[in-house]
Amino acid sequence: RGQDQSRGFDGACWAVWACWAEGPVSRSDCFPGLILDRVVLETNPRTALELGTYCGYSTVRIARLLQPGARLYTVELNADTAKAAEQIIAHAGVGDRVRTQASSL
C-alpha cells in the first residue's frame, strides 16, 4: 500500500499484511518477523514444522532463509486459508521449499 511491493519476499510480506490490516502498512509492522529470522538463521534447520499457516507470513519468512535441500512443512486447519497461503508462498518464490497441508493433526 503506497509503495510498489509486488515481487518476491517483500511483495509476499505486503500481501499477507493486506489480507487483514486496515489502513496503511509500514515496514516497521514487519519487525516481529525479524525475531523469527534470527531464530531460523541461528538454528539452520534441515526440516521445520509450522502449525498454523494462516496467510503464510511466517512460512515465507522461514522458507526464504532455509538452506538448499531443507524443507518446511506447514499445516493449516482451514482449506481456503491454506489455498491463499499457497498462492502467497508461490508468489514469494519459495514454493519449492514448502509443503502445505490443509488438515487437522
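The chain exposes about 6,300 Å², and carbon and sulfur atoms supply 54% of this area. These values come from a predicted model. Of the chain's 105 residues, 39% count as buried.

**Overall arrangement**

The chain contains four helices and three strands. Along the sequence, these elements follow the pattern α-α-β-α-β-α-β. Where contacts link residues at least 6 apart in sequence, 65% of them join residues at least 24 apart.

Elements with stated residue ranges are listed below.

| Element | Residues |
|---|---|
| Strand β1 | residues 47-51 |
| α3 | residues 57-63 |
| α4 | residues 79-91 |

**The nonpolar core**

The largest nonpolar core comprises 16 residues, and those with the most contacts inside it are Val60, Leu72, Ile89, Val94 and Val98. The elements that give two or more residues to this core are α3 and α4.

Leu72 illustrates how this region is connected to other parts of the chain. Apart from its neighbours within four places in sequence, Leu72 is in contact with Ala48, Leu49 and Glu50, and also with Thr59, Ile62, Ala63 and Leu66.

**The nonpolar surface patch**

Leu49, Leu51 and Tyr73 make a nonpolar surface patch of about 330 Å². Leu51, which lies in strand β1, has a relative accessible area of 56% and is therefore exposed, the cut-off being over 50%.

Key. Residues are numbered from 1 along each chain as its sequence is written. This is a predicted model: local features need pLDDT of at least 70, side-chain atom pairs count only at pLDDT 80 or more; totals for chains, interfaces and linings use all residues. Side-chain values use heavy atoms; hydrogens and water are left out. Patches are made of residues with over 30% relative accessible area and no salt bridge: like charges are joined within 9 Å, nonpolar side chains (Val, Leu, Ile, Met, Phe, Trp, Tyr) within 5 Å. Accessible areas come from the Shrake-Rupley method with a 1.4 Å probe; for residues, only the protein chains shown count as cover. A salt bridge is a side-chain nitrogen of Lys or Arg within 4 Å of a carboxyl oxygen of Asp or Glu. Buried means under 20% relative accessible area, exposed over 50%, partly exposed in between (1.4 Å probe, protein chains only). Contact means heavy atoms within 4.5 Å. A nonpolar core is a set of buried Ala, Val, Leu, Ile, Met, Phe, Trp, Tyr and Cys residues joined through side-chain atoms within 4.5 Å.
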